[in-house]
Amino acid sequence: MSVSARVAGDLAANEFWEHLGFHTVRTAPGGRATGRKINVRIRELSTPNLFNPMAAPPGAYALGIHLASPLSDVSPIYVLDLNVLLDLLKKRANAGDVERIFRASLSNLIRLAVTEELVKELERNSRPSPTDPILQFALALPRLPAPPRETLRKLAAKLGTTVFPPVPPGGQLRTQDQSDLIHLATAIHCRASGFVTGEKLILRAREALRDMYSLDIMGPNELADFFEPVGQAEGEQIRAVSQGRELLARPVRADDIVPVEEFLDRMRCPLDLAREVLEIGPGRGHHRDLVLCEGSIVGFGFRETASRARPHVNMFICADEDHPAVALTADFLLDSRGRPPVPEFPVRLTLRLLLGN
């Protein structure tokens, strides 16, 4: 997985090894006579390892491995730019992504807020007849207060040199640009986790803003994918033959609930556990599958949907151990449905099995 080299710290050869991609990871003492320090250098090889799936393609924005919040019981705050609200309310191209963001908020995965400046921006351009629905919607969202005047002035001035191109002598930023700086300054001052925007100049400066202020700058699609990945549709029907008998594996349908309840009851599944995997509340992504043999249920599997914000998911499998095809059924539910559907990040599965049934 890697190649190491031990190079004396005072040798010019260090430049050679550095050029080849051997980076110093630690130093070790050399011989007593020379008193040298030895640079222990490592070059990681391009071989499969645990963290390779998270390597972003060239030029892509890598979210990396980080917690959505440093506290498990507090949802992170993400501040919405005005263009994000307009995407939703005017049904623009990103409306579906913004809907997913609001679903994550209503599921208590994140907290959404707008800045006081956003409301003022809408009030400046509002044309009530008798009311402006966009303004009324913004007024209903949690608002972050602007920083004190002097703090805002200094922070906005520093942000201006980071986000926007240099202003010619005697010139000044556009009103919209000044408003954007107030949005960012407010998010930073209130220690928000991120700022969601479609503004290209702000998105281009996100690495600098994250390094300087620990503020994640994200487009609507990036944040939506973080909490509710797309492309996780239920699996298709799969057929197999075991000992001359046909098996059918498929997703659970609405009319399967009662038969599944009866199957779990017959397998002596605890009632509270059966309810947990059958009575799914809103905002909880999941997959449920059945394995049938000649119309009778042989196995049932449940798995929560993984996301970067929720990489620890629960999985449940119940199979009829008296059935001849139980081994094939269990293999299918464990392998095919047990694989996390999103390979870009590590997922921890907690598997619950009913033993002795």
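**View 1. Three strands, β1, β3 and β2, form an open sheet in that order, with antiparallel pairing.** This is a predicted model, in which local features need pLDDT of at least 70 and side-chain atom pairs count only at pLDDT 80 or more, while totals for chains, interfaces and linings use all residues. Residues are numbered from 1 along each chain as its sequence is written, and side-chain values use heavy atoms, with hydrogens and water left out. Strands pair here if DSSP finds at least two bridges between them; strands are DSSP runs of E with at least two residues, helices are runs of H or I with at least four, and numbering starts at the N terminus. At the edges of the sheet sit β1 and β2, each pairing on one side only. From one strand to the next, the twist averages 25°. Look between β1 and β3 for the 7 bridges that join these antiparallel strands; A5, for one, has R41 of β3 as its bridge partner.

**View 2. D10 and R36 form a salt bridge.** The term stands for a side-chain nitrogen of Lys or Arg within 4 Å of a carboxyl oxygen of Asp or Glu, and the structure holds 15 of them. In this pair the closest N and O atoms are 3.3 Å apart. D10 lies in the loop between β1 (2-8) and α1 (13-19), and R36 in the loop between β2 (23-29) and β3 (37-44), so the pair ties together parts that are 26 residues apart in sequence. D10 is exposed, at 53% relative accessible area, and R36 is partly exposed, at 34%. For these labels, buried means under 20% relative accessible area, exposed means over 50%, and partly exposed lies in between (1.4 Å probe, protein chains only).

**View 3. Two further salt bridges join R250 to D256 and R253 to D255.** The side chains of D256 and R250 meet at 2.7 Å, N to O. D256 counts as buried at 7% relative accessibility, and R250 is buried with a value of 7% too. For R253 and D255, the closest N and O atoms are 3.7 Å apart. Here R253 is partly exposed, with a relative accessible area of 42%, whereas D255 is exposed, with 56%.

**View 4. Helices α2 (residues 82-89) and α3 (residues 95-106) pack with their axes 8 Å apart.** The angle between them is about 105°, and the two helices are therefore roughly perpendicular to each other. Axes are lines fitted to C-alpha atoms, for helices over the stretch in contact, and angles run from 0 to 180 degrees between N-to-C directions; 65 to 115 degrees counts as roughly perpendicular. Contact (heavy atoms within 4.5 Å) is made by V84, L85, D87 and L88 of α2 and by A95, V98, E99 and F102 of α3. These residues divide into 6 nonpolar, no polar and 2 charged.

**View 5. Helix α10 (residues 220-227) is largely enclosed by the rest of the structure, because 6 of its 8 residues are buried.** Do pick them out: P220, E222, L223, A224, F226 and F227. Their cover includes β4 (77-80), α2, α3, β7 (194-196), α9 (206-213) and β8 (216-218).

Definitions and conventions. Parallel < 35°, antiparallel > 145°, perpendicular 65-115°, else oblique. Nonpolar A, V, L, I, M, F, W, Y, C, P; charged D, E, K, R; others polar.
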